[in-house]
Amino acid sequence: MLFDSFDLVSALATLAACLVSVALLLAVSQQLWQLRWTATRDKSCKLPMPKGSMGFPIVGETCHWLFQGSGFHASRRQKYGNVFKTHLLGRPLIRVTGAENVRKVLMGEHSLVSVEWPQSTSTLLGPNSLANSIGEIHRKRRKVFAKVFSHEALESYLPKIQQVIQETLRVWSSNPEPISVYREAQRLSFHMAVRVLLGFRVSDDELRHLFHTFQDFVDNVFSLPIDLPFTGYRKGIRARDTLQKGIEKAILEKQHCSQGKDYADALDILIESGKENGSELSMQELKESTIELIFAAFATTASASTSLVMQLLKHPAVLAKLREELRAHGILHNGCLCEGALRLDSICGLKYLDCVVKEVLRLYTPVSGGYRTAMQTFELDGFQIPKGWSVMYSIRDTHDTAAVFKDVDAFDPERFSQERSEDKEGRFHYLPFGGGVRTCLGKRLATLFLKTLAVELASTSRFELATRTFPRIITVPVLHPSDGLKVKFFGLDSNQNEIMAESDEILGATV
């Protein structure tokens with residue numbers, strides 16, 4: 001027994017020594033990793049490097065970021081300030097918060113910084129995508145894409161968008177069980193992008209297959225660029241290749257079956273605009289542009305749609321005021337949406353609706369920010385930003401810390417009213433769609449979709465939270481509720497519409 005005890009103690013001591021050695025090795029490796037990136041500072045510049053941690057070799061702080069979400073950036077910002085260094089997705093990175101700092105980054109395009117997404121994002125979106133193009137190529141491609149989101153184009157999309165939303169809400173209301181709003185909003189935005197925006201005539205089975213493949217693509221757009229079996233990066237590449245095959249088939253079928261259409265979709269406009277601007281798109285360019293259009297319409301719109309539903313659930317007085325505005329403009333009558341009343345001009349005239357959507361996008365911005373690369377060493381907030389480093393400007397953190405917004409954590413649509421106009425106090429305090437020469441081209445379409453959804457929700461739906469409490473929010477890859485937001489939707493008959501209208505009037509009189 002004595003020898004057995006001695007052997008056990010000896011084994012435990014050996015194990016402890018091994019663990020201490022591994023810990024020391026990791027600590028030394030981490031210090032060498034930190035020194036390696038500190039050595040990249042421009043020694044001719046007397047300004048200090050931003051404070052921060054580069055994490056562990058190779059992976060940096062990527063795992064912390066993925067698990068902590070918004071808590072990661074908040075904790076680093078609190079510790080290191082509005083400009084700090086880290087290492088994410090295989091690249092050294094400077095994270096930037098604050099209107100003035102963001103302004104310098106966005107207005108420094110082509111002089112101080114140039115666009116450069118993480119390698120995984122850049123590879124999966126493709127070299128011909130608008131997001132990856134720079135300089136004159138970007139300017140020309142942006143001009144080609146601009147027609148897709150013109151006033152005339154939006155006017156032609158609106159009836160189809162409204163029809164898709166109405167059909168979706170009917171399906172939600174007919175489901176006896178609560179739905180996951182985020183999951184169903186993804187289906188809705190994907191359906192809208194594929195059948196309305198792009199005009200693809202695909203079967204329901206093909207649409208479902210494309211949807212699941214696209215989810216794999218989106219889930220791995222921001223991943224460590226390690227091209228090995230079973231990694232997210234490899235999974236994203238496979239999804240991209242599958243999507244491109246399906247999209248090429250759909251484009252070819254679309255080009256051969258153009259009769260019977262009653263409107264020009266985004267892909268029609270894109271192809272025609274390319275010809276008009278002397279930049280006719282190749283099949284590969286069309287495939288990458290199509291994926292980019294779906295990507296832009298899919299993840300962010302689903303996120304914002306879910307946040308919209310959640311805020312209307314949390315704030316019934318806001319929903320009542322929305323209905324009141326719809327009635328005042330002749331869009332809602334006796335609890336029913338007036339046929340043909342929803343036009344682009346009438347939507348633009350709904351000022352309170354505009355405030356609600358703006359506040360959703362302020363408090364629940366779908367994307368965290370945008371990526372750039374320093375073209376030269378420059379100064380920002382008293383620190384040097386070394387040439388070659390990635391720079392990420394933070395939209396969400398800038399919204400959260402902007403002094404122009406009173407009671408910043410409160411959901412208060414009135415802050416965007418004409419009387420208060422808090423967003424007008426500084427150009428870069430509010431930027432849900434980015435800014436500068438790369439402001440999101442699809443922002444008017446995204447806003448139109450959200451406003452149409454809000455009108456339909458206020459006019460034709462009754463809904464309630466199916467869980468005891470609201471879920472926590474996850475921010476990667478886009479902002480969404482941890483459980484998808486479980487909600488029970490109910491169909492409305494004429495009697496229920498009248499009761500709902502009366503209760504809104506009572507509620508409106510008390511707020």
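Because the model is predicted, local features need pLDDT of at least 70 and side-chain atom pairs count only at pLDDT 80 or more, while totals for chains, interfaces and linings use all residues. Residues are numbered from 1 along each chain as its sequence is written, and side-chain values use heavy atoms, with hydrogens and water left out.

The protein has 18 helices and 14 strands, where helices (H or I, at least four residues) and strands (E, at least two) are DSSP runs numbered from the N terminus. Of its 511 residues, 51% count as buried, a word that here means under 20% relative accessible area, with exposed meaning over 50% and partly exposed in between (1.4 Å probe, protein chains only). Among contacts (heavy atoms within 4.5 Å) between residues at least 6 apart in sequence, 74% join residues at least 24 apart.

H15 is mostly covered, with 10 of its 13 residues buried, among them Tyr352, Cys355, Glu359 and Arg362. These buried residues pack against helix H12 (283-314), helix H13 (316-328), helix H16 (395-401) and helix H17 (443-460).

Helix H9, residues 204-219, has 16 residues and reaches 22 Å from its first C-alpha to its last, close to the 22 Å expected. Its buried residues include Leu210, Phe211, Phe214 and Phe217, and what covers the buried residues of H9 includes helix H5 (119-125), H8, H10 and H12.

Phe214 and Phe217 return in the largest nonpolar core, which has 117 residues and in which they, with Tyr157 and Phe489, have the most contacts. A nonpolar core is a set of buried Ala, Val, Leu, Ile, Met, Phe, Trp, Tyr and Cys residues joined through side-chain atoms within 4.5 Å. H12 gives the most to this core, with 15 residues. Apart from it lies another core, of 22 residues, including Val105, Leu106, Leu112 and Ile395.

A search of the whole structure finds 4 cavities of 30 Å³ or more. A cavity is a set of points, on a 1 Å grid over the protein atoms alone, where a 1.4 Å probe fits but cannot get out, and its lining residues have an atom within 4 Å of a point; points are joined across faces, edges and corners, and the volume is the space filled by probe spheres set on them. The second largest cavity has a volume of about 50 Å³. Helix H8 (181-197) and helix H10 (232-256) are the elements that give two or more residues to its lining, and H10 gives the most, with 4 residues. Among the lining residues are Phe190, Leu210, Gly246 and Ile294.

Two single residues close the tour. Ser114 is found in strand E3, residues 113-115, and counts as buried because its relative accessibility is 14%. Leaving aside neighbours within four places in sequence, Ser114 is in contact with Glu109, Ile134, Arg372, Thr373 and Met375. Cys63, in helix H2 (residues 62-68), counts as partly exposed at 39% relative accessibility. The C-alpha atoms of Cys63 and Leu224 are separated by 9.8 Å, although the two residues are 161 residues apart along the chain.

How values were computed:
1 Å grid on protein atoms, 1.4 Å probe; cavity = no way out; pocket = protein on both sides within 12 Å on 5 of 7 lines; lining within 4 Å. Expected span 1.5 Å × (residues − 1).
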